[in-house]
Amino acid sequence: MSSKCDNCKPAKCCLYTSMEIDTPETRKDHEYNLWLIAHKNIAFYVDRKIWHINFTSRCKFLNKDNRCKIYDKRFYVCRNHDTDSCEDTGDYDFSEYFNNYDELLNYIKKKHPRWRFADPRKK
Ligand code: SF4
Ligand code: SF4
């Protein structure tokens, strides 16, 4: 483990997963993303025009001392992770980040002012 990682507590890169998704275009696409982000620990971000879904979820192999329990056999994504441009040291400048339902809904409303979404929380 890099010495940089010793000071990163808890290890930020071991607390989430994310993956690329298709850019939402239709109303149905956006409504589907609203459904996803209505779930706990789901977020979206846009990095260099590519949409990603983010799941806040601690890796089961991170021990209580902030160490990887399977360090010598860790996954290739972990091996390839560059500590010089990681979640703790890097310059993450996402063009969009939606941390919750309302942030995503406001974005959609601005982008598509004619679309109407009934607020499911209103009676
Ligand atoms: S790679 Fe970066 S984010 Fe991960 S533990 Fe090390 S310093 Fe923290
Ligand atoms: S396998 Fe180890 S290095 Fe990879 S995410 Fe899990 S705790 Fe972190």
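Author: In this predicted model, helix 2 (residues 27–37) packs with helix 4 (residues 101–111) at an angle of about 165 degrees, and their axes lie 9 Å apart. Since angles over 145 degrees count as roughly antiparallel, helix 2 and helix 4 are therefore roughly antiparallel to each other. Their crossing is left-handed. On the side of helix 2, the contact is made by His30, Asn33, Leu34 and Ile37, and these residues meet Tyr101, Leu104, Leu105 and Ile108 of helix 4. By class, the residues of this contact divide into 6 nonpolar and 2 polar, with no charged residue.

Helix 2 lies across strand 2, strand 3 and strand 4, and runs at about 130 degrees to strand 2. The sheet itself is open and is formed by 4 strands in the order 1-3-2-4, with antiparallel pairing. Its edges are strand 1 (16–20) and strand 4 (96–98), each of which pairs on one side only. On average, neighbouring strands of this sheet are turned by 20 degrees against each other, direction ignored.

Within the sheet, strand 2 (residues 42–47) and strand 3 (residues 50–56) run antiparallel and are joined by 6 bridges. Alanine 43 stands opposite asparagine 54 of strand 3, and tyrosine 45 stands opposite histidine 52 of strand 3. Strand 3 is also joined to strand 1, by 5 bridges, and these two strands likewise run antiparallel. There, serine 18 has asparagine 54 in strand 3 as its bridge partner.

The hairpin of strand 2 and strand 3 has 2 residues between the strands. Arginine 48 is placed in this loop, and its phi is near 50 degrees, a positive value in a residue other than glycine.

The surroundings of the ligands complete the account. Around ligand 1 there are 13 residues, of which Cys5, Cys8, Ala11, Cys13 and Cys86 come nearest. The shell around ligand 1 divides into 5 nonpolar, 4 polar and 4 charged residues. Ligand 2 is surrounded by Cys14, Cys59, Phe61, Leu62, Cys68, Ile70, Arg74, Phe75 and Cys78. In the shell around ligand 2, 8 residues are nonpolar, none is polar and 1 is charged.

Technical notes
Residues are numbered from 1 along each chain as its sequence is written. Chains are lettered from A and ligands numbered from 1 in the order in which they are written. This is a predicted model: local features need pLDDT of at least 70, side-chain atom pairs count only at pLDDT 80 or more; totals for chains, interfaces and linings use all residues. A residue is near a molecule or strand if its C-beta atom, placed from the backbone, lies within 6 Å of it. Ala, Val, Leu, Ile, Met, Phe, Trp, Tyr, Cys and Pro count as nonpolar, Asp, Glu, Lys and Arg as charged, and the others, Gly among them, as polar. Axes are lines fitted to C-alpha atoms, for helices over the stretch in contact, and angles run from 0 to 180 degrees between N-to-C directions. Angles under 35 degrees count as roughly parallel, over 145 as roughly antiparallel, 65 to 115 as roughly perpendicular and the rest as oblique. A crossing is left-handed if the near helix is turned anticlockwise from the far one by less than a right angle, and right-handed if clockwise. Two residues are in contact if their C-beta atoms, placed from the backbone, lie within 7 Å. Two strands pair if DSSP finds at least two bridges between them.
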